[in-house]
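Thanks, everyone, for making time today.

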Amino acid sequence: MNLKISGHHLELTPSLREFVVNKLDRVLRHFDQLIGAEVILSVDKTKEKSGRQIASVTVFLKGKEIFVEKCDENMYTAIDKLIDMLDRKVVQYKDKVQDHGREAIKHHELPPEAEPLQ
């Protein structure tokens with residue numbers, strides 16, 4: 001998986017980078033067909049949004065892109081919230097892809113008038 005991590009208006013420390021990589025491993029555990037991911041960590045420095053930490057990720061899958069963005073006062077908390085939501089979306093996509101839209105014949109119930117042959 002190609003991974004690109006960048007920071008806007010903040011210094012991307014090795015501990016922050018390692019934290020993001022470890023959290024993204026959780027997503028890979030559920031669905032290993034990820035092509036790449038782009039993580040952007042930023043700080044919004046406007047007066048009405050003072051100290052707002054923003055974490056966003058775009059995950060590239062075959063034929064689909066999933067984008068998630070979360071904000072919090074603490075960057076680590078924003079990343080945790082981001083990974084939780086991303087994990088839910090990836091599992092939802094995986095279920096959608098693997099569901100073939102019908103149930104197997106062996107799981108169908110027999111109508112009451114049709115009895116099995118003995």
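Let me begin with a term: by a nonpolar core I mean a set of buried Ala, Val, Leu, Ile, Met, Phe, Trp, Tyr and Cys residues joined through side-chain atoms within 4.5 Å, where buried stands for under 20% relative accessible area. Please keep in mind that what you see is a predicted model. In this model the largest nonpolar core has 24 residues, and those with the most contacts inside it are L41, I79 and L86. At least two residues of this core come from each of α1, β2, β3, β4 and α2, and the element that gives the most is α2, with 8 residues.

Now to the chain as a whole, which has 2 helices and 4 strands, arranged along the sequence in the pattern β-α-β-β-β-α. Of its 118 residues, 29% count as buried.

What does L41 touch, leaving aside its neighbours within four places in sequence? Its contacts include L16 and V20, I54 and A55, and also M75 and I79.

That brings me to the two helices, α1 with residues 14–30 and α2 with residues 75–98, whose axes come within 9 Å and cross at roughly 20°. Since angles under 35 degrees count as roughly parallel, α1 and α2 are therefore roughly parallel to each other, and their crossing is right-handed. By class, the contact of α1 with α2 has 12 nonpolar, 2 polar and 6 charged residues. Among the residues that meet there are F19, V20 and L24 from α1, and I79, I83 and L86 from α2.

Terms used:
Residues are numbered from 1 along each chain as its sequence is written. This is a predicted model: local features need pLDDT of at least 70, side-chain atom pairs count only at pLDDT 80 or more; totals for chains, interfaces and linings use all residues. Side-chain values use heavy atoms; hydrogens and water are left out. Axes are lines fitted to C-alpha atoms, for helices over the stretch in contact, and angles run from 0 to 180 degrees between N-to-C directions. Angles under 35 degrees count as roughly parallel, over 145 as roughly antiparallel, 65 to 115 as roughly perpendicular and the rest as oblique. A crossing is left-handed if the near helix is turned anticlockwise from the far one by less than a right angle, and right-handed if clockwise. Contact means heavy atoms within 4.5 Å. Ala, Val, Leu, Ile, Met, Phe, Trp, Tyr, Cys and Pro count as nonpolar, Asp, Glu, Lys and Arg as charged, and the others, Gly among them, as polar. Buried means under 20% relative accessible area, exposed over 50%, partly exposed in between (1.4 Å probe, protein chains only).
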